[in-house]
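Open the model in your viewer and keep the selection tool at hand. Each stop below says what to pick and what you will find there.

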Amino acid sequence: MVLGTQEIRQSCIASWRIMRGETEALQQFDLSADGFWRSFLVIFLLLPFYLLSLIAEHALMVEHFTTQGQESTEMVAGGFQLYFGKFLSLFVDWITFPIVVGLLAGSLGLKRNYGPYIIVRNWSTLIILLPQTLLYLLYMAGLIPSELLIMLTFPIIGWVLWYRFQIARVAGDCSFSISIGLVVLDLVLSILISASLDRLFT
């Protein structure tokens with residue numbers, strides 16, 4: 001069970017079309033049971049992007065704490081526990097939301113479209129990472145200051161939430177209120193998982 005180049009390309013194009021609200025783009029995904037489980041392998045495509053984001057975040061922490069004294073700088077300089085905790089958080093988050101939504105699918109009216117919703121959500125993560133990855137590259141290359149990086153991150157977060165809403169509406173065929181609820185649930189779970197594991201590894 002591997003991801004082929006053609007499937008990756010086709011699914012990324014379809015994910016972009018879903019963002020634009022094109023319902024017919026669903027047919028470009030492999031919506032079979034095998035396609036459902038294979039979509040979880042997308043996490044391995046995310047790892048290089050995620051590593052870059054961690055390097056940039058670590059650099060931001062070091063830059064911030066440099067002004068706080070040597071002791072604080074040393075606290076973030078090692079980074080092993082930070083990286084391990086963040087990668088663990090990614091994997092836990094990756095499987096927790098589908099499990100929770102699967103348990104709630106009946107009450108959410110998502111039982112029929114649960115598979116397509118999760119498939120599109122998984123694949124769309126590749127598209128979602130691109131804007132922030134570009135910002136991190138510009139920051140690491142010294143082309144933008146940390147202040148501008150942080151400022152530009154906020155509209156990207158807003159776009160991500162809207163994109164997740166589109167996925168629920170188009171792929172999940174959910175009502176407006178259920179779509180909002182899924183976006184909030186996704187956000188809350190991610191924050192809770194990240195905060196819990198950060199507490200363990202920092």
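Predicted model: local features only at pLDDT ≥ 70, side-chain atom pairs only at ≥ 80, totals over all residues.

Is phenylalanine 176 buried or exposed? Its relative accessible area is 52%, so phenylalanine 176 counts as exposed, the cut-off being over 50%. You will find phenylalanine 176 in helix H8.

**Stop 1: the ring partner**

How is the pair of phenylalanine 165 and phenylalanine 176 arranged, and at what centre-to-centre distance? The two rings sit edge-to-face, 5.4 Å centre to centre, with 70° between the planes. Now colour by helix. Phenylalanine 165 belongs to helix H7 (residues 146-170), while phenylalanine 176 belongs to helix H8 (residues 176-201), so this contact ties together parts eleven residues apart in sequence. The cover on phenylalanine 165 is another matter: its relative accessible area is 13%, and it is buried.

The model has nine aromatic pairs. For another aromatic stop, select Phe36, Trp37, Phe40 and Tyr114. These residues form one aromatic cluster.

**Stop 2: the patch on the surface**

Together with Phe176 they make a nonpolar patch on the surface. The accessible area of the patch is about 440 Å².

**Stop 3: along H7**

Select H7. It has 25 residues. From the first C-alpha to the last, H7 reaches 36 Å, close to the 36 Å expected at 1.5 Å a residue. Which residues of H7 are buried? They are Ser146, Leu149, Thr153, Ile156, Val160, Tyr163, Arg164, Phe165, Gln166, Ile167, Ala168 and Val170.

Pick valine 170, which is in helix H7. Valine 170 is buried, at a relative accessible area of 12%.

**Stop 4**

Step on to aspartate 173. It lies in the loop between H7 and H8. Check the backbone here. Most residues other than glycine have a negative phi. Aspartate 173 is not a glycine, yet its phi is positive, about 55°. The residue is exposed, at 52% relative accessibility.

**Stop 4: the salt bridges**

Side chains of opposite charge can pair when their charged atoms come close. How many salt bridges does the structure hold? There are nine.

Begin with aspartate 186 and arginine 164. Their side chains meet in a salt bridge, 3.7 Å from N to O. Aspartate 186 is in helix H8 and arginine 164 in helix H7, so the bridge links distant parts of the chain, 22 residues apart. Both aspartate 186 and arginine 164 are buried.

Next, select Glu7, Asp30, Asp34 and Arg38. Salt bridges with shared partners join these residues into one network. Zoom in on arginine 38 and aspartate 30 within it. Their closest N and O atoms are 2.6 Å apart. Arginine 38 is buried, at 9% relative accessibility. Aspartate 30 is partly exposed, with a relative accessible area of 29%.

Then move to arginine 20 and glutamate 22. They form a salt bridge whose closest N and O atoms are 3.5 Å apart. Arginine 20 is exposed, with a relative accessible area of 55%. Glutamate 22 is buried, at 17% relative accessibility.

**Stop 5: helix H6**

Finish on H6, residues 114-140. This helix has 27 residues and reaches 39 Å from its first C-alpha to its last. That is close to the 39 Å expected at 1.5 Å a residue. Where does H6 bend? Centre the view on leucine 130. The bend there is about 35°, and proline 131 follows within four residues.

Now colour H6 by accessibility. The helix is mostly covered, with 19 of its 27 residues buried. Last, select glycine 142, which follows H6. Its phi is positive, near 80°.

Note on methods:
Residues numbered from 1 in each chain as written. Heavy atoms only, no water. Phe/Tyr/Trp six-rings, centres within 6.5 Å; stacked < 30°, edge-to-face > 60°. Helix = DSSP H or I, 4+ residues; strand = E, 2+ residues; numbered from the N terminus. Buried < 20%, exposed > 50% of the residue type's maximum accessible area, 1.4 Å probe, protein only. Expected span 1.5 Å × (residues − 1). Bend = angle between axes of the 7 residues up to and from the residue. Patch = residues over 30% accessible without salt bridge, like charges linked within 9 Å, V, L, I, M, F, W, Y side chains within 5 Å. Areas by Shrake-Rupley, 256 points an atom, 1.4 Å probe, with all protein chains shown as cover. Salt bridge = Lys/Arg side-chain N within 4 Å of Asp/Glu carboxyl O.
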